[in-house]
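Please study the sequence and the three-dimensional model shown here. The paragraphs that follow lead through the strands, the core, the disulfides and the aromatic rings in turn.

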Amino acid sequence: RSRGAAGAALLPSMLMFGVILASSGLLLMIERGILAQVGPPPPHPPAGPSRRDGRDSPAELELEVLRDTRNRTIRALCGQRSMPRSVWELPPGQRRTVLRHLLVSDKYRFLYCYVPKVACSNWKRILKVLDGALESVDVQGKMDHKSDLVFLGDMKPEEISYRLKHYYKFVFVRNPMERLLSAYRNKFGEIKEYQQKYGVEIVRRYRKNGGNSAGDDVTFSEFLRYLVDEDVERMNEHWMPIYNLCQPCAVRYDFIGSYERLHADANHVLEHIQSPSFVRFPERQAWYKPVTAETLHYYLCNTQRRLIKELLPKYILDFSLFAYPLPNITSEFCRQ
């Protein structure tokens, strides 16, 4: 509170924070306590059959609590008068963003809001297979993220409204800090285009005598400093908050899947849309190096706490609405 207007401008409204803090299962602290006492993220429960005696397994009960927390938090936040009730109530820029992230399957009557770094490439493969543009989800080759895909934003207003009202709508979410680390390692460690477009500017801006960098040596702290200074609405989609990409208040999603339960939740969606039995969610590519809890622990604990605290307000809705715990960077946890 003592940081003044500059800090306050980054935070959601007090009303919004009231909704977040009132939601059960969410442990959000303010000021000194914002990161303290928050334990390591609990593992998301694996899919598992119910017990034969008719009682739900502990994993299923935990999953039910998780989904109930998400649903009630979203209802509470989106029920506020100031929140948009449809995509047509969004400012033009926000409306363009969400409509160009909603992929359409008219054949199976669903809308999928794709979120980069949350298995969206595999979902796009599935859409292409369902549409007959791709023979199999296992076809090798570089993924084309534009061709043979139908975007809701390319349709007429009446066509958009009809599909938003009548189609099954789903999105997959991921721990915000894990998603950011995945984007950082992929884009600045492997993709030359991102190194040149973003990396060179980040190093020049945040490193003394960094003008000679090729953009392939951006540190994680430099990347986070860039995010702190960046306008959320102008962010690249790979690190824009999920809330801004998919607008869960303006678009009432029927299902929110988790990256942590990727295959089980993907199978749930495929069964719901009645996809052909030969269509399955692809296995992880052999070359893919996932972000592990240990990797995330290493990066967070080697980053200034102040920097992470400054970044959190921009992603607070992703943490709260989708029931992810805030990152634990206490001294005790980082010594482990």
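This is a predicted model: local features need pLDDT of at least 70, side-chain atom pairs count only at pLDDT 80 or more; totals for chains, interfaces and linings use all residues.

How many of the 6 residues of strand β3 (residues 168-173) are buried? The answer is 6 of the 6, so strand β3 is largely enclosed by the rest of the structure. Here, buried means under 20% relative accessible area, exposed means over 50%, and partly exposed lies in between, computed with a 1.4 Å probe on protein chains only. Helices (H or I, at least four residues) and strands (E, at least two) are DSSP runs, numbered from the N terminus.

Residues are numbered from 1 along each chain as its sequence is written, and side-chain values use heavy atoms, with hydrogens and water left out.

The side chains of β3 may now be considered. Y168, F170 and F172 point one way from β3, whereas K169, V171 and V173 point the other way. Strand β3 also has pairing partners, where two strands pair if DSSP finds at least two bridges between them. Strand β2 (residues 110-113) runs parallel to β3 and is joined to it by 4 bridges; within this pairing, C113 has V171 as its bridge partner. Strand β4 (residues 255-258) likewise pairs with β3 in the parallel sense, over 4 bridges, and F170 has F255 as its bridge partner there.

A nonpolar core is a set of buried Ala, Val, Leu, Ile, Met, Phe, Trp, Tyr and Cys residues joined through side-chain atoms within 4.5 Å. The largest one holds 95 residues, of which L102, W123, F223, L227 and W239 touch the most other members. Helix α13 (residues 305-321) supplies the largest share of this core, 9 residues. Contact means heavy atoms within 4.5 Å. With neighbours within four places in sequence left aside, the contacts of L102 include L111, Y112 and C113, as well as V150, F151 and L152.

Which residues does the chain link through disulfides? A disulfide is a pair of cysteine sulfur atoms within 2.5 Å, and the count comes to 3 disulfides. One of them is formed by C78 and C249, with their sulfur atoms 2.0 Å apart. This pair links distant parts of the chain, since C78 is in helix α3 (residues 58-78) and C249 is in the loop between α10 (242-246) and β4, 171 residues apart. Both cysteines, C78 and C249, are buried.

Because C113 lies in strand β2 and C246 in helix α10, the pair ties together parts that are 133 residues apart in sequence. C113 and C246 are buried.

A further disulfide joins C301 to C334, at 2.1 Å from S to S. C301 lies in helix α12 (residues 293-301) and C334 in helix α14 (residues 331-335), so this pair ties together parts that are 33 residues apart in sequence. C301 counts as partly exposed because its relative accessibility is 22%, and C334 counts as partly exposed at 24%. With bonded cysteines counted along the chain, the disulfides follow the pattern 1-4, 2-3, 5-6.

The aromatic rings complete the picture. Rings of Phe, Tyr and Trp (its six-membered ring) pair if their centres lie within 6.5 Å; planes under 30 degrees apart count as stacked, over 60 as edge-to-face and the rest as tilted. By this rule there are 24 aromatic pairs. Y162 and Y167 form an edge-to-face pair, with 6.3 Å from centre to centre and 75 degrees between the planes. Y162 is partly exposed, with a relative accessible area of 39%, whereas Y167 counts as buried at 6% relative accessibility. The rings of F220 and F223 have centres 6.5 Å apart and planes at 40 degrees, so this pair is tilted. Because F220 and F223 are 3 residues apart in helix α9 (residues 220-229), they are separated by about one helical turn. Both F220 and F223 belong to one aromatic cluster, whose members also include Y184, F188 and W239.
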